[in-house]
Amino acid sequence: MAETATATAKRTVKFIITRRETPDSAPYTEEFDIPYRPNMNVISALMEIQRNPVKADGTKTTPVVWESNCLEEVCGACSMVINGKPRQACSALIDNLEQPIRVAPMTTFPVVRDLVINRERMFNALKRVKAWIPIDGTYDLGPGPRMAESKRQWAYELSKCMTCGVCLEACPNVNDRSSFIGPAPISQVRLFNAHPTGEMNAHERLEALMTDGGIEGCGNSQNCVRSCPKGIPLTTSIAAINKDTTKHMFKRWLGM
């Protein structure tokens, strides 16, 4: 056991991190050798670099900048590309990753610095489709209408979205040459249109998705549903909203 402990103490993990000083500066990579500890994740490795920002060649550098919060794959803040796959850094265990571990910021969103990105595109998309229940909370309205259990079960799955941006990063149709709104906002339209109170504004959300960059931008690559860390049935939502927008279009055409 002593020999095993000694071997573990000497073991290191190699990281190759893509960095950027400012949004307008050119990206570059730096290599780090991090002391291995059992059950490490990518966030704990980044914390180690923060404590001791020394590159693999022994030269000092600035600490890597990244975002994190809950460390339980709930907040969605620590999204980044790890070994070519967009995912949450807090749930990316070192023991399950091929070395060297390559870490880079997501490319769908503008880079602020290092691994920190600007998710404004996604938040603006949620505003566009009114992904909320517009009620006046200044006085007690009493208990709201109940939702059927069969509907509540799949709606709960959609409510797990943590706006992490992974599905937008994985989608080939979401890029700087396209105005496609992305899978997450479309799924949120389905969620809020299913709500007994939210359905009052269902037509407004569908109208928003029928404009340029709306649901017509989906190419059905299905990368989103495969990459979603919460397992949300995004393609099912897209299919359902595609049906709803088609029905809404014909009703509007017929003046109904």
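A residue is called buried when its relative accessible area is under 20%, exposed when that area is over 50%, and partly exposed when the value falls in between. The views below are all taken from a predicted model.

**View 1. Asn83 in the loop between E3 and E4**. With a relative accessibility of 30%, Asn83 lies between the two cut-offs and therefore counts as partly exposed. The phi angle of Asn83 is near 50 degrees, which is a positive value in a residue other than glycine.

**View 2. Thr163 in the loop between H4 and helix H5 (166-170)**. Although Thr163 is not a glycine, this residue has a positive phi, of about 45 degrees. Its relative accessibility is 26%, so Thr163 counts as partly exposed.

**View 3. An open sheet of five strands with mixed pairing**. Read across the sheet, the strands follow the order E2-E1-E5-E3-E4. Strand E2 (28-35) and strand E4 (85-88) stand at the edges, and because each has a single partner strand, one side of each is left without a neighbour in the sheet. When direction is ignored, neighbouring strands of this sheet are turned against each other by 35 degrees on average.

**View 4. The pairing of strand E1 (residues 12-19) with strand E5 (residues 101-104)**. These two strands, E1 and E5, run in the parallel sense and are joined over three bridges.

**View 5. The cis peptide bond between Gln99 and Pro100**. The omega angle of this bond is about 0 degrees, and Pro100 itself is found in the loop between E4 and E5.

**View 6. Helix H2 (residues 42-51) lying across strands of the sheet**. The strands that H2 lies across are E1, E2, strand E3 (79-82) and E5, and the helix runs at about 95 degrees to E2.

**View 7. The crossing of helix H4 (residues 149-158) and helix H6 (residues 183-194)**. The axes of H4 and H6 come within 9 Å and cross at roughly 145 degrees, and the crossing in which H4 passes H6 is left-handed. On the H4 side, Lys151, Trp154, Ala155 and Leu158 take part in the contact, where they meet Ser187, Gln188, Arg190, Leu191 and Ala194 of H6.

Technical notes:
Residues numbered from 1 in each chain as written. Predicted model: local features only at pLDDT ≥ 70, side-chain atom pairs only at ≥ 80, totals over all residues. Heavy atoms only, no water. Axes fitted to C-alpha atoms, helices over the stretch in contact; angles between N-to-C directions. Helix = DSSP H or I, 4+ residues; strand = E, 2+ residues; numbered from the N terminus. Left-handed = near helix turned anticlockwise from the far one by under 90°. Contact = heavy atoms within 4.5 Å. Pairing = 2+ DSSP bridges. Buried < 20%, exposed > 50% of the residue type's maximum accessible area, 1.4 Å probe, protein only.
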